[in-house]
Every structure is written in structure tokens, then in C-alpha cells.
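Please keep the sequence and the model in view while reading.

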Amino acid sequence: MSIRVAKTGNEAVAEGMRQINPDVVAAYPITPQTEIVQIFSSFVANGKVDTEFVTVESEHSAMSATVGAASAGARAMTATSANGLALMWEIVYIAASMRLPIVMPVVNRALSGPINIHCDHSDTMGARDSGWIQIFSENAQEAYDNLLQAVRIAENKNVLLPVMVTMDGFIISHAMEVMHLLEDEKVKQWVGEYVPENPLLDVDNPVTVGPLDLYDWNMEHKRQQAEAMVQAKPVILEVARNYAKLSGREYGLFEEYMLDDAEIAIVALGSTAGTAKEVVKALRADGVKAGLLKVRVFRPFPACEIARALQGKKAVAVMDRSDSFNAVSGPVFAEVRSAMYGIENAPAIVDYIYGIGGRDVTMDHIRSVYDDLAKIAKTGQVERTLTYLGIRE
Amino acid sequence: MATLKELSNKEVLVSPGHRACAGCGFPVIIKQALLATDNPVVVGCATGCMEVCTTIYPYTAWKVPFIHNAFENSAATVSGVEAAYRSLKRRGKIDKKIDFIAFGGDGGTYDIGFQSLSGAMERGHDMLYICYDNQAYMNTGIQRSSATPRGANTTTSPAGSESYGKKQYRKNLTEVMVAHGIPYVAQSSPAMWNDLVSKVNKGLAVEGPAFMTVIQPCVLGWKYPSDQTIELARLAVDTCFWPLYEVVEGEYKLTYKPKEKKPLTDFLRKQDRFRHLFKPENEHILAELQAEVDREWAVLLAKCGEQA
């Protein structure tokens with residue numbers, strides 16, 4: 001039986017980390033992630049975990065120490081947000097290229113500047129090509145479930161890639177909700193004993209980690225890294241199937257909400273998907289064939305699967321909670337529209353950049369997007385591809 | 001302290017065939033450092049000459065476990081390795097005693113890696129950080145660092161009609177590390193193998209963090225004939241430009257006192273990076289440099305309770 005509790009997203013993730021009981025956690029506080037570090041510190045102080053907790057002096061050192069620990073043969077974790085992720089940047093790429101199965105909760109926050117502490121996705125979207133698996137969460141339950149699944153995904157021998165598990169800053173991280181935890185013993189069995197490959201601390205079999213890799217071999221190694229991301233997709237689905245048996249909660253690469261027969265649909269990530277579901281319900285009651293596609297796994301990007309799911313819709317809106325400043329669209333739109341290229345019965349696709357710097361997104365906002373889609377579906381005309389939702393212009 | 005004969009019977013844990021320049025100082029430092037302990041050692045290293053020359057994939061010169069992560073995080077990386085060791089030992093997955101050494105050049109230690117170093121030392125990881133100090137960014141082509149001595153000609157502090165080279169004195173990182181209150185801090189030179197080996201041995205033996213700076217003459221950066229490396233490492237010490245001392249739990253001890261303190265110009269004249277200082281218009285700089293060495297030496301002697 002699972003345990004029904006009221007938890008914030010940060011509390012839920014900290015509980016998950018306690019249950020995983022990693023060998024090493026190296027982390028640095030940053031709003032809105034700070035609580036994860038604080039709560040985990042209290043677990044260490046009270047013997048709830050026997051993790052070696054390294055209170056580093058920066059996020060750069062957090063990721064550096066995590067890479068050191070993981071290379072040494074430890075199950076290692078860290079957590080961050082926004083500018084902290086940006087300070088880690090260099091080592092984020094190195095962690096992926098070293099094929100270290102690090103799991104890192106990222107509490108989404110607007111990346112400076114201007115400085116802001118509230119939610120958008122500019123932090124993790126910037127890291128989308130860093131070689132990390134990225135899993136987005138709609139609520140605290142999903143953040144917890146994704147965290148537990150991430151360990152098994154990262155450590156799968158066909159994958160061996162680091163995983164970011166994201167949740168929206170404040171909206172999820174600080175909002176309390178009723179959710180279900182698994183029992184400690186179940187989680188212990190779920191993550192199992194970590195058996196590293198070629199750890200540094202195997203002093204009888206010395207390895208050199210992080211050597212200089214010039215034009216002779218670099219391309220082959222990057223190709224292997226790309227292949228690991230391809231291999232991750234079936235593993236993510238397999239882990240989700242097993243997790244469903246354990247928890248009763250089912251996950252895929254994305255969630256289709258009333259999408260099957262929908263004529264107009266929104267593509268969204270994170271907490272906004274929850275808001276959109278309420279709007280879809282209301283629209284359906286009014287007889288509007290509205291649907292939602294909630295992207296859970298953004299890396300690897302499920303391009304073919306998304307294209308199939310959206311094929312035949314009349315109009316689709318992609319919700320981008322960050323800008324890519326390419327003078328065209330946000331990053332999610334670019335990927336979704338690219339996925340649709342060349343398929344038959346492709347819908348008209350438009351982009352909405354919204355919720356930047358924590359700007360609230362209400363049901364009215366989402367409803368206005370569906371209204372726009374209904375108009376496009378009816379006329380077949382797209383007046384503009386990109387809209388900044390709820391902006392003062 | 002092992003005798004030279006005993007040391008010569010031990011396995012050298014860095015293999016020949018690496019790609020360091022002829023006459024490079026750091027392979028000597030690695031060799032001496034790895035001879036200093038009988039425990040298994042795990043080595044970390046910052047980006048720089050040492051890493052680049054010893055680990056070109058698919059080859060490695062290291063016969064011990066080795067990790068390179070990036071330029072500025074040798075200390076943070078090894079602190080993660082050491083944390084993993086503590087954790088896995090506590091959980092019964094490792095039973096051996098393992099020593100940890102983090103290497104970094106002066107750029108990776110005094111400058112870009114300074115925060116990472118300071119943090120690791122403050123946290124108290126049981127590791128020895130060894131800075132191989134060749135006094136400039138040699139791997140990228142001789143740019144000035146905060147370890148570059150005043151007056152040195154580098155590619156970013158070039159001597160010219162309006163410049164005598166680097167204007168600032170070098171940062172005294174050894175003293176900065178003493179201020180961290182860690183159990184062991186030392187300065188050494190590969191010219192004094194017994195000094196270096198015994199200091200590495202002490203640094204590894206203490207419980208908690210230890211730090212050493214080791215001067216490392218660089219043929220290309222200091223511009224001298226490649227057979228003069230150890231001679232320059234010795235002159236640095238005999239001119240008191242690079243005194244050998246250690247600070248154990250805050251107690252200063254001079255580990256070598258030159259019988260005769262040689263003039264600084266004996267050290268400078270052999271290096272073309274200082275050649276311009278010997279022009280008449282720069283004589284006053286030479287005098288200032290000598291005065292600064294004298295001042296620092298007097299301060300150090302007082303700290304060590306030694307007579308001038």
C-alpha cells in the first residue's frame with residue numbers, strides 16, 4: 001500500500017532522495033530548489049540517510065564533485081535551478097560525455113537576466129542539447145515518480161546517461177498537494193544495489209577517466225553518446241511499465257488527454273498541462289473537440305510519436321515557457337513543427353510564448369488559445385505563428 | 001624518510017612515452033610525488049599540460065586511477081571522489097586505505113580553480129592538492145597568471161617599449177592556504193627530491209586536507225636550455241625566490257636554508273623571460289625584485305623562528 005501524504009514538490013523530491021539514499025549528494029542552495037537541500041541536510045543530520053553530503057561552495061563545484069563521485073563508483077545526485085544550472089553548464093556537458101548516471105532534480109526558474117526567481121523553462125531548455133535526458137513533471141506526484149524512475153533509466157547499461165527531472169518553480173516546488181509515496185522498502189528494492197562500471201576506486205584495475213580525446217576518436221565517442229539517447233527511449237518506456245506495476249501510476253513519453261478525437265490541441269509541459277486539462281474539460285462540456293498533449297520526456301525527443309499523435313488535427317498550439325531568441329519561435333515549437341514536417345494531414349501549428357519569469361497563466365489565457373485554434377481550424381488561415389500570451393504590448 | 005636507493009626500487013607509477021616537452025619539470029614532480037606513499041593513490045588533474053601530455057586517448061601514462069574533469073575543478077572533482085570513498089567505505093564496499101592527490105597548474109590553482117580549491121580545503125576532505133607552479137598559462141602559450149612573477153615577459157604581459165613585462169608581484173598562494181587553517185601546507189622544489197617526497201608523504205599522512213606548491217621550471221615558458229630544469233629549480237630555492245618550508249598545524253618550519261643566499265639575478269639571468277630586465281633602463285626593476293625577495297625572506301625567517 002502506498003502512503004497518502006500532503007507534500008510540496010520540494011518535499012516530495014527530498015523524500016524520494018531520502019528513500020533512494022544515494023552514496024553521495026553534492027549540492028548548493030538556490031531559490032526555489034533550496035528546500036530540497038535543506039530537507040536532505042536534516043535527513044543526514046538525523047540519520048535518516050547515510051549519504052555522504054558534500055556542501056560545496058558553488059553549483060560548478062556541485063556538478064564537479066558529483067562527477068567525481070559518480071566516476072569513483074558512487075550513486076551520486078545533486079539538485080539546482082536556473083543560474084545554478086547555468087554555473088554548472090560546462091560540467092553538465094562533461095557529465096553526459098562521461099556517461100555518468102547522475103540524477104538531478106531541477107526546479108525550473110527563469111534564467112537571469114533580469115534576475116527573477118519564478119518559474120519559466122529557460123534554464124532547462126537551454127540545457128536541452130547537453131546530452132542529459134530531460135523529464136518534465138506536471139505536479140509533485142509526477143516529480144516524485146519521475147525521480148524514482150530516473151535512477152533506473154540513468155543506470156540502465158544501454159543508457160548510462162544523466163537525467164534531469166524538472167518541476168516548475170514555486171508552482172509545484174512550493175505548493176502543497178495530496179500525493180502518494182511508496183514505502184521505503186519498496187523504493188530500496190526498486191532502485192536496487194548500484195553496480196558501477198570501471199569505477200576509479202577499483203585501484204587494482206586502474207582506469208583513466210576524462211582523457212584528451214582528439215579527432216582520432218572524438219567523433220566515435222559523440223556518436224556513441226547520441227546512440228545512448230536513442231536507446232534511452234525504449235528503456236524509459238520499459239521502466240515506466242515496471243513502475244506502473246509498483247505504483248499503479250502509468251507514464252509514457254507524453255500524455256494524451258482527450259486527444260484521440262480532438263480537432264484542436266495544445267502541446268504543453270509542466271504545471272501548465274494541469275491548467276490546460278481543466279480548460280479541455282470545460283470546452284468538451286461545451287461540445288468543443290479540444291485535446292492536450294503533455295510532453296513528459298523532452299530528451300530524447302519523441303518526434304515520431306508526437307507527429308503520429310497530432311496527425312489529422314486541424315490546429316495545434318505549442319506552449320513555450322521560454323524564448324529561444326531566434327526571431328522565429330520558442331524551442332518546443334521548433335521541435336514539434338520539425339517533427340510534423342512531411343507527414344500527411346499535418347495540422348496548422350502556432351506557438352505561444354507564455355509564463356515568462358513566473359507570469360501567471362490562467363484558465364482564461366489557455367481558453368483564449370483554444371479560441372484562436374478554433375478560428376484557425378474553421379478558416380484554415382494562420383494570421384500569426386507566434387504570440388506572446390498575456391503580454392502588455 | 002626512504003633512502004634514494006629504496007625509492008629507486010619502487011615502481012614508477014607514471015610511464016615514459018608521455019608527450020611532455022624535453023626537459024619538462026612536471027613529470028619529475030609526478031614521479032617523486034607518487035613514490036611518496038605505499039598506499040594506493042587516486043589522482044585528479046586539472047586541464048593543462050599535465051593532463052594533455054599524459055592522457056591522449058587511447059593512451060594513458062598513468063598506472064594509477066586518474067580523473068580529469070575540467071580546468072577549474074580539480075579540487076572539487078577529487079572532493080567528490082573522496083566523498084564517494086568515505087561513503088563506500090562506511091557502507092562496507094571498500095576496505096582499502098586509499099590516498100587522494102589533486103594536481104593543478106598555477107592557472108588552474110591560483111586563478112580559475114581558486115574557489116574550487118578553497119572550498120575543498122575548507123570542507124576538510126582528506127586529500128593532498130599539489131600545484132605544479134610554472135608561473136604562467138603554459139599550455140595555452142605562456143599567458144600571465146597571478147603566479148607569474150613581476151617583470152616576467154609573457155604573451156599577455158609582453159615586454160615592450162612601454163612595458164617591462166608583468167607589473168604585479170605574484171600572489172602568495174601558499175600563505176593564502178595557510179590562512180585556511182588546514183593541517184598541512186608546504187612549498188617544495190623537484191631539485192630537492194628528498195624534500196618533495198617527504199612533504200608529499202606528510203601531506204598524505206595527515207588527517208584532512210593538505211596543500212603544496214611545487215615550483216616547476218618550464219623550458220618553453222621560461223625560455224632556457226632543456227637540460228637546465230633541475231638547475232633552475234635549485235636556483236629558485238638558493239636565491240630565496242622560492243623558499244622551502246612547511247606549516248604543520250599552523251607551525252612554520254624552514255625545511256632548507258641555503259648556506260649562501262645567492263643574488264636573485266643568478267636565477268633570472270638564465271631565463272629569457274627576464275632578459276629585458278637586464279637592459280639599463282630596467283635596472284631599477286631588478287633592484288626592486290631583489291628587495292621584495294629580501295623582504296619576504298625576512299618575514300618567512302621570522303615566522304619560522306630563524307635567524308637571518
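The paragraphs below begin with the helix and then turn to the backbone.

This is a predicted model, in which local features need pLDDT of at least 70, side-chain atom pairs count only at pLDDT 80 or more, and totals for chains, interfaces and linings use all residues. Residues are numbered from 1 along each chain as its sequence is written, while chains are lettered from A and ligands numbered from 1 in the order in which they are written.

Helix α12 of chain A comprises residues 363-379; helices (H or I, at least four residues) and strands (E, at least two) are DSSP runs, numbered from the N terminus. Among its buried residues are H365(A), V369(A) and L373(A), a residue being buried if 20 or more other C-beta atoms lie within 10 Å of its own, exposed if 12 or fewer, and partly exposed in between, with C-beta atoms placed from the backbone. Seen down the axis of α12(A), the buried residues fall within an arc of 155° and so line one face of the helix; the arc is that of the directions from the helix axis to the C-beta atoms. On the other side, M363(A), D364(A), K378(A) and T379(A) are exposed. After α12(A) comes G380(A), with a positive phi near 75°.

Most residues other than glycine have a negative phi, and most peptide bonds are trans. The bond from T31(A) to P32(A), however, is cis, with omega near 0°, and P32(A) is in the loop between β2 (24-26) and α2 (34-45) of chain A. A82(A), in helix α4 of chain A, has a positive phi near 40°.

Terms used. The expected span of a helix is 1.5 Å times one less than its number of residues.
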